[in-house]
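I opened the notebook to record what I could read from this structure about its sheets, its core and its ligand surroundings. The entries follow the order in which I looked things up.

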Amino acid sequence: MVTKQNVRQQALANLAVFSDEQYAYFMQQIVSKVTALPAWQSAQVVALTISQAKELPTDLLIQTALLQRKVVVLPRVLPNKQMVFMTITQNTRYERHKFGMLEPVDGRVVTPSEIDFVLVPGIAFTQNGHRVGFGGGYYDRWLPQVTATKIAVSITANVFSQPIWPLETTDQMVDQVIVIDEEIDNE
Ligand SMILES: Nc1nc2c(c(=O)[nH]1)N(C=O)[C@@H](CNc1ccc(C(=O)N[C@@H](CCC(=O)O)C(=O)O)cc1)CN2
Ligand SMILES: Nc1ncnc2c1ncn2[C@@H]1O[C@H](COP(=O)(O)OP(=O)(O)OP(=O)(O)O)[C@@H](O)[C@H]1O
């Protein structure tokens, strides 16, 4: 039987093959595709994450959001698999959590209902929005509190037509999965 853990390992292996050049190309595609969404354009408060290791890169999207004068909020993890989202600016300092993620040190904590748009991190998805993350269950616990539009981005190799893993009742879906092309068009 295929488990979420199997899918996670395969999806991370699919991401591991790409060069820095290809990640730069992904980063540009993420900005152009996400910022084209009406839900992004109308959002005042956007919840993003700081990508780490082989996650799809979010740096340029964070910068773009700040330049577009959106309120950008990023997560800090708390005990019991909880998260809070804190506002950032160009001057925000970050510290590395023991699990590896960079987190803002200070800022204002926003309530989930203040958020208009969430970029949900994840490594594998189905076309209609089922998600496999890193396995903490953080977003599965937090997402039920938000009314925001929930968007994810994924390379095509990690988007399935149907879930091949067992679904859990606690799994939270995203509203839309934005697919990023692996192939660089050199024509
Ligand atoms: N960039 C980014 N930031 C993010 C997330 C994400 O997926 N991507 N998260 C999305 O949720 C939250 C953090 N999620 C995490 C999910 C799993 C583990 C993890 O590896 N936990 C292990 C313990 C590891 C250890 O002790 O070293 C565990 O729970 O067993 C850590 C953080 C918040 N920030
Ligand atoms: N609301 C919840 N209450 C209790 N347990 C939960 C809840 N949501 C998820 N879990 C449990 O947390 C564990 C991790 O869930 P899962 O593998 O779906 O995480 P994930 O979505 O990959 O991680 P993340 O959201 O951190 O990216 C599972 O054992 C799941 O049953």
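The entries below go from the sheets to the core and then to a ligand shell.

**Entry on the model.** I note at the outset that this is a predicted model, and I read everything that follows with that in mind.

I looked up the strand order and found an open sheet of 7 strands, arranged 6-3-2-1-7-10-12 with mixed pairing. Its edges are strand 6, at 109–110, and strand 12, at 176–180, each of which pairs on one side only.

I then went through the pairings from the strand 6 end. Strand 3 and strand 6 run antiparallel and are joined by 2 bridges, with Met86 having Val109 as its bridge partner in strand 6. On its other pairing, strand 3 (residues 82–87) runs antiparallel to strand 2 and is joined to strand 2 by 6 bridges; here Leu74 has Met86 as its bridge partner, so that Met86 figures in both pairings. In the hairpin that strand 2 and strand 3 form, 3 residues lie between the strands, and I noted that Asn80 takes a positive phi near 60 degrees.

Strand 2 (residues 71–78) also runs parallel to strand 1 (residues 45–47), to which 3 bridges join it, and the bridge partner of Val46 in strand 2 is Val72.

**Entry on strand 10.** At the other end of the order I looked at strand 10, which runs parallel to strand 7 (residues 117–119) with 3 bridges between them, and parallel to strand 12 with 5 bridges.

Is strand 10 buried or exposed? I found 7 of its 7 residues buried, so strand 10 is largely enclosed by the rest of the structure. Both faces are covered, with Thr149, Ile151, Val153 and Ile155 buried on one side and Lys150, Ala152 and Ser154 buried on the other. I recalled that side chains in a regular strand alternate between the two faces of the sheet. Helix 2, residues 20–35, lies across strand 10 (149–155) and strand 12, and runs at about 140 degrees to strand 12.

**Entry on the core.** The largest nonpolar core holds 38 residues, and those with the most contacts inside it are Ala47, Leu48, Val72, Phe117 and Val118. Strand 10 supplies the largest share of this core, 4 residues.

Strand 8, residues 124–126, pairs with strand 9 in the antiparallel sense over 2 bridges, and Phe125 stands opposite Arg131 in strand 9.

**Entry on ligand 2.** Which residues are closest to ligand 2? Of the 14 residues that surround ligand 2, the closest are Gly133, Gly136, Gly137, Asp140 and Thr170. Helix 5 (residues 138–142) gives the most to this shell, with 4 residues. By class, I recorded 4 nonpolar, 5 polar and 5 charged residues in the shell.

Key: Residues numbered from 1 in each chain as written. Chains lettered and ligands numbered in written order. Predicted model: local features only at pLDDT ≥ 70, side-chain atom pairs only at ≥ 80, totals over all residues. Contact = placed C-beta atoms within 7 Å. Axes fitted to C-alpha atoms, helices over the stretch in contact; angles between N-to-C directions. Near = placed C-beta within 6 Å. Nonpolar A, V, L, I, M, F, W, Y, C, P; charged D, E, K, R; others polar. Core = buried A, V, L, I, M, F, W, Y, C linked by C-beta atoms within 7 Å. Buried ≥ 20, exposed ≤ 12 C-beta atoms within 10 Å, placed from the backbone.
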